[in-house]
Amino acid sequence: MSVPDVKKYLRSEAMPTLFCTGCGHGILLHCLLIAIDELKKDYDNMVFVSGIGCAAWIPSPHMAADTLHTTHGRPIAYATGVKAYRPDLDVVVVSGDGDIVSIGGNHLIHAARRNTDITVIMANNKVYGMTGGQQASTTPHGCITLTTPQGNPERDFDTCRLVLGADAGFVARETVAAPRNLIKVIKAALTHEGFAFVETVSTCVTHFGKMNGMPSPEAMIANLKEKSVRGTGTDLLTKPLEDGRFYTGIFTSGAG
Amino acid sequence: MAYLQGNMACVEGALRAGCDFFGAYPITPSTEIMTAMARRMPEMGRTFVQMEDEIASIAAVIGAAWAGANAMTATSGPGLALMLENIGYAFATETPCVIVDVQRAGPSTGQATRPAQGDVMTARFGCPGDYEPIALAPWSAQESFEMTARAFALAREYRMPVFVLTDEIIAHLYETLDLDREIEVVEHDPPCDLPPFGDARTCERTPMPKFGEGRKLLVTGSTHDERGRRRTTDPQAQMRLVERITKKIERDRKTLAETESYMMDDAEIALVSYGASGRSSLAAMTQARENGRKVGLLRLKNVWPFAQEKIRDIGGGVKKIVVVEMNCGMMRREVERFARAEVVGCHKVAGEIIRPDEIIEVIENVSA
Ligand SMILES: Cc1ncc(C[n+]2csc(CCOP(=O)(O)OP(=O)(O)O)c2C)c(N)n1
Ligand code: SF4
Ligand SMILES: [Mg+2]
């Protein structure tokens with residue numbers, strides 16, 4: 001299978017990316033562009049909205065499209081305004097776990113509840129990467145971060161379950177360790193009418209892997225492969241797995 | 001002629017100016033604006049959204065503005081506080097939008113149904129970093145109508161958020177007003193391919209671009225160059241951005257800072273006031289004149305940019321300047337910076353209008 005050339009979707013001046021070597025966010029960027037290409041999307045009719053964080057840099061400045069790089073936690077609210085005023089535009093939010101579900105969780109659940117016709121792609125590296133690796137609301141119990149040096153005493157959000165609880169019509173999770181599947185999932189999300197949520201489990205080797213027994217990009221990818229369990233259906237989400245394993249797949253793509 | 005409360009006059013002004021996106025979260029004493037918009041906007045084929053909080057409201061407004069809207073929100077102090085980070089974003093990204101803030105007694109939740117003028121410095125300095133706001137301060141239903149409309153024109157012209165700072169009194173005061181006054185209907189800029197954030201060397205306005213035109217816009221609240229490219233460690237870029245968003249207002253301050261003078265020519269005591277307090281001041285002035293006191297009034301129609309030249313030019317005949325406002329002296333400090341005569345405050349923070357007799361008392365005290 002040939003990989004489409006996605007250079008035309010990128011701002012050449014923004015390349016190479018500023019991401020650390022081995023950062024999972026670059027894989028997500030690539031997969032998103034391939035999905036756009038394979039769907040033959042009108043790129044000029046798309047708007048990419050992000051907040052603040054490493055993941056928020058996935059669209060801005062890399063993508064040569066209309067991009068709105070907003071404030072920390074608020075991209076979904078900005079996107080709601082864009083979409084409400086111009087329903088004909090294809091509005092996609094790409095941002096981090098800290099951005100989307102820690103500081104911005106309120107906007108996430110409300111967009112799901114309203115069934116706002118946008119796609120939200122959350123790059124979940126389970127940490128605040130940009131600020132140097134502090135606990136996020138997605139950091140698993142026990143993990144070491146700068147603000148949980150003894151191990152995270154709290155539980156993490158299952159964000160897919162959260163948005164499902166708010167009646168999101170499309171909910172999926174995939175990892176950057178399975179790019180082919182990730183492209184498929186993003187394509188399905190981008191074609192879904194109504195609110196679509198894709199949690200992309202990404203990697204931050206610099207500020208998460210190194211502290212948690214995965215000192216290299218390879219170790220992090222291997223971990224994602226080992227821990228992800230393929231499945232479909234919403235009831236999977238009510239049965240959390242043990243040992244840090246988690247389900248991936250499209251949990252629901254029904255009406256919102 | 002119409003008979004409307006100030007809040008409704010804001011709605012009429014916004015609709016006439018071409019407001020086509022409204023996003024807000026309910027808060028007393030601004031709520032009537034939102035509930036009227038909920039009805040009127042869809043009737044007119046325009047967009048209304050109720051958001052989950054004020055952070056989301058202003059974010060949606062800014063997003064809509066980049067999609068091409070003449071967008072507005074309405075709130076009161078606690079909501080304004082929540083909006084500040086994103087209002088700063090609008091300043092940095094040169095995004096036109098209108099924020100009506102109906103001031104109520106603070107700090108914090110304060111007295112939700114009671115008037116104050118305690119948000120003037122929030123508008124001035126509430127956002128982090130340097131910026132120069134425009135804040136209009138209507139004192140009547142007529143001005144609520146005209147100034148809200150004008151705010152849209154100014155927002156477009158200067159590509160920035162513009163505040164309309166009313167207060168609970170003006171908002172809920174029913175008055176007759178003329179809705180047939182000429183209103184500038186705000187035109188959208190035609191597409192062009194100039195850099196979206198201006199020429200690097202001047203603060204000249206560049207047309208507001210919008211999404212969906214193939215411009216590949218890079219919009220960011222991080223320091224950026226004229227094409228929106230992030231320049232987060234470049235001292236020149238930082239200086240240029242701050243200069244760009246401040247110089248345009250400094251340059252036009254004299255024309256932007258509108259005032260109205262009453263009997264200032266022979267005045268020995270000058271009242272300086274704005275908004276609802278301006279009305280009490282006018283009444284006090286009239287009464288004081290009847291009592292033989294030479295009192296004049298300089299009313300600020302904009303609190304920002306500040307009419308510093310007009311304050312400095314208050315004539316040598318004026319021995320005392322009395323600043324009348326429903327706060328502990330926010331604008332008084334500003335007046336003190338420029339006045340040549342001694343400045344005295346007539347302040348009240350009781351969640352009540354300042355009555356003319358209370359102003360007269362201050363006038364009598366300073367005359368003694
Ligand atoms: C209001 C506000 N609070 C805090 C910050 C600091 N900050 C910048 S990025 C970030 C976390 C980003 O984490 P995430 O969204 O997960 O992105 P990542 O860097 O991990 O990809 C924080 C806390 C900010 N920019 N604004
Ligand atoms: S800090 Fe982490 S998330 Fe940010 S670029 Fe580096 S690896 Fe990626
Ligand atoms: Mg993160």
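## A buried helix in chain A

In helix α2 of chain A, the buried residues are A:Pro75, A:Ile76, A:Ala77, A:Tyr78, A:Ala79, A:Thr80, A:Gly81, A:Val82, A:Lys83 and A:Tyr85. Buried means under 20% relative accessible area, exposed means over 50%, and partly exposed lies in between (1.4 Å probe, protein chains only). Helices (H or I, at least four residues) and strands (E, at least two) are DSSP runs, numbered from the N terminus.

This is a predicted model, in which local features need pLDDT of at least 70 and side-chain atom pairs count only at pLDDT 80 or more, while totals for chains, interfaces and linings use all residues. Residues are numbered from 1 along each chain as its sequence is written, chains are lettered from A and ligands numbered from 1 in the order in which they are written, and side-chain values use heavy atoms, with hydrogens and water left out.

## Backbone details

A:Lys126 is not a glycine, yet its phi is positive, about 65°. This residue is in the loop between β4 (119-124) and α5 (159-165) of chain A, and A:Lys126 is buried, with a relative accessible area of 18%. A:Asp243, also not a glycine, has a positive phi of about 60°. A:Asp243 sits in the loop between β7 (228-230) and β8 (246-252) of chain A and counts as exposed at 62% relative accessibility.

A cis peptide bond with omega of about -5° joins A:Met15 and A:Pro16; A:Pro16 lies in the segment before α1 (24-38) of chain A. In chain B, the bond from B:Thr28 to B:Pro29 is cis, with omega near 0°, and B:Pro29 is in the loop between β2 (21-24) and α2.

## Two helices of chain B

The axes of helices α1 (residues 6-17) and α2 (residues 31-43) of chain B come within 9 Å and cross at roughly 40°. Contact (heavy atoms within 4.5 Å) involves residues including B:Met8 and B:Leu15 of α1(B) and B:Ile33 and B:Met37 of α2(B).

How values were computed. Axes fitted to C-alpha atoms, helices over the stretch in contact; angles between N-to-C directions.
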